[in-house]
Amino acid sequence: MTNYIIPPLPLATDLETKKVLKKGIAANKALAELNGVSETIPNEQIILNTLSLQEAIHR
C-alpha cells in the first residue's frame, strides 16, 4: 500500500467544478435512498455488524 500525503489547505486547484458538483448531487441522492431503505430493515444492527466483518476480512 502506498502512503498518501495530505496536501496543505487551501488547495491550489478549484474543486467546485461542474463535474464534481454533479457527482456530489448523485452521491447525496444515493445516500438518501440508502437511508430510506435502511429504515425498512427490522434489525439494521445485523447489517452493520456484517459490514464491519467484511471490512476486517478485506484488510
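Colleague: How do you know what share of the 59 residues in the protein is buried?

Modeller: In this predicted model, a residue is called buried under 20% relative accessible area. Buried residues make up 0% of the 59 residues in the protein.

Colleague: What does the accessible surface of the protein come to, and what percentage of it belongs to carbon and sulfur atoms?

Modeller: The protein has about 6,200 Å² of accessible surface, and carbon and sulfur atoms hold 64% of that area.

Colleague: How do you know whether the radius of gyration of the protein is that of a compact globule?

Modeller: The globule rule takes 2.2 Å times the number of residues to the power 0.38. For 59 residues a compact globule would come near 10 Å, but the protein has 17 Å. The C-alpha trace spans about 45 × 30 × 15 Å along the principal axes.

Colleague: What makes up the secondary structure of the protein?

Modeller: It consists of two helices and zero strands. Helix α1 covers residues 18-38, and helix α2 covers residues 44-58.

Colleague: Why is α1 said to lie largely in the open?

Modeller: The number of buried residues among the 21 of α1 is zero, so the helix lies largely in the open.

Colleague: What span is expected of α1, and what does the helix reach?

Modeller: The expected span is 1.5 Å times one less than the number of residues. For the 21 residues of α1 this gives 30 Å, and the helix reaches 30 Å from its first C-alpha to its last, close to that expectation.

Colleague: Why is Ile 46 called partly exposed?

Modeller: Ile 46 belongs to helix α2. Its relative accessibility is 49%, and exposed requires over 50% while buried requires under 20%. Ile 46 therefore counts as partly exposed. Its C-alpha is separated by 33 Å from that of Thr 2, 44 residues apart along the chain.

Colleague: What makes Leu 48 and Gln 54 partly exposed?

Modeller: Both residues are placed in helix α2. Leu 48 has 46% relative accessibility and therefore counts as partly exposed; Gln 54, at 44%, counts as partly exposed as well. From C-alpha to C-alpha, Leu 48 is 17 Å from Ala 32, at 16 residues apart in sequence. Gln 54 and Leu 34 are 20 residues apart along the chain, with 19 Å between their C-alpha atoms.

Colleague: Which residues form the nonpolar patch on the surface?

Modeller: The patch is formed by Leu 9, Leu 11 and Leu 15, with about 320 Å² of accessible area together. Patch residues need over 30% relative accessible area. Leu 11, in the segment before α1, has 36% and so counts as partly exposed.

Colleague: What joins Leu 9 and Pro 10?

Modeller: Leu 9 and Pro 10 are joined by a cis peptide bond, with omega about -5 degrees. Pro 10 is also placed in the segment before α1.

Note on methods. Residues numbered from 1 in each chain as written. Predicted model: local features only at pLDDT ≥ 70, side-chain atom pairs only at ≥ 80, totals over all residues. Heavy atoms only, no water. Patch = residues over 30% accessible without salt bridge, like charges linked within 9 Å, V, L, I, M, F, W, Y side chains within 5 Å. Areas by Shrake-Rupley, 256 points an atom, 1.4 Å probe, with all protein chains shown as cover. Salt bridge = Lys/Arg side-chain N within 4 Å of Asp/Glu carboxyl O. Helix = DSSP H or I, 4+ residues; strand = E, 2+ residues; numbered from the N terminus. Buried < 20%, exposed > 50% of the residue type's maximum accessible area, 1.4 Å probe, protein only.
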